Amino acid sequence: FSTSAGDTNWQAVTSDGASDTVTNTGVLVSLDTRYKLGITVTTTDVKFYIDDVLVATNTTTLPGSTTNMGIFARVTKISGSGQWDIYLTRAVFEMTL
């Protein structure tokens with residue numbers, strides 16, 4: 001998930017290493033709000049969930065089958081004086097063979 005400078009909604013992003021697919025989820029990023037973010041990856045799509053609701057499905061620029069996957073979180077403060085924090089409370093990885 002991402003937001004770029006000027007975006008007000010969460011963006012669902014997939015990348016194959018050469019290009020990106022960015023899908024607007026329609027979900028507003030609100031300060032002082034905790035979100036449960038979920039992602040499922042298959043060989044045909046990547047599904048993005050916010051608070052257990054499916055908000056986007058990307059079918060292009062998917063990571064390759066040998067791509068290492070992980071969690072990356074970053075906050076970039078563009079302007080203003082407020083503080084932004086990220087809390088990672090739990091990460092669950094499930095793999096089906």
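Because the model is predicted, local features need pLDDT of at least 70 and side-chain atom pairs count only at pLDDT 80 or more, while totals for chains, interfaces and linings use all residues. Residues are numbered from 1 along each chain as its sequence is written, and side-chain values use heavy atoms, with hydrogens and water left out.

View 1. Thr14 belongs to strand β1, which covers residues 9-15; strands are DSSP runs of E with at least two residues, numbered from the N terminus. With a relative accessible area of 4%, Thr14 is buried, where buried means under 20% relative accessible area, exposed over 50% and partly exposed in between, using a 1.4 Å probe and protein chains only. Leaving aside residues up to four places away in sequence, Thr14 touches Ser19, Asp20, Thr21, Val46, Phe48, Asn58, Thr60, Thr61 and Leu62, a contact being heavy atoms within 4.5 Å.

**View 2. Polar partners of the Thr14 side chain.** The side chains of Thr14 and Asn58 are joined by a polar contact of 3.3 Å, and the Thr14 side chain also reaches the backbone oxygen of Thr60 at 3.0 Å. A polar contact is a pair of N or O atoms within 3.5 Å; within protein, one must be able to donate a hydrogen and the other to accept it, and residues adjacent in sequence count only if both atoms are side-chain atoms.

**View 3. The salt bridges.** The structure holds 2 salt bridges, each defined as a side-chain nitrogen of Lys or Arg within 4 Å of a carboxyl oxygen of Asp or Glu. In one of them, the side chains of Asp52 and Lys36 meet at 3.1 Å, N to O. Asp52 lies in the loop between β4 (46-50) and β5 (53-58) and Lys36 in the loop between β2 (20-28) and β3 (37-41), so this pair ties together parts that are 16 residues apart in sequence. Asp52 is exposed at 56% relative accessible area, whereas Lys36 is partly exposed at 44%. The side chains of Lys47 and Asp45 also form a salt bridge, at 3.5 Å, N to O; here Lys47 is partly exposed at 25% and Asp45 is buried at 12%.

**View 4. The aromatic pair.** The structure holds 1 aromatic pair, and this pair, formed by Trp10 and Tyr35, is edge-to-face, with 5.4 Å centre to centre and 80° between the planes. Trp10 lies in strand β1 and Tyr35 in the loop between β2 and β3, so the pair ties together parts that are 25 residues apart in sequence. Rings of Phe, Tyr and Trp (its six-membered ring) pair if their centres lie within 6.5 Å, and planes under 30 degrees apart count as stacked, over 60 as edge-to-face and the rest as tilted. Trp10 is buried at 16% relative accessibility, whereas Tyr35 is partly exposed at 22%.

Technical notes. Helix = DSSP H or I, 4+ residues; strand = E, 2+ residues; numbered from the N terminus.
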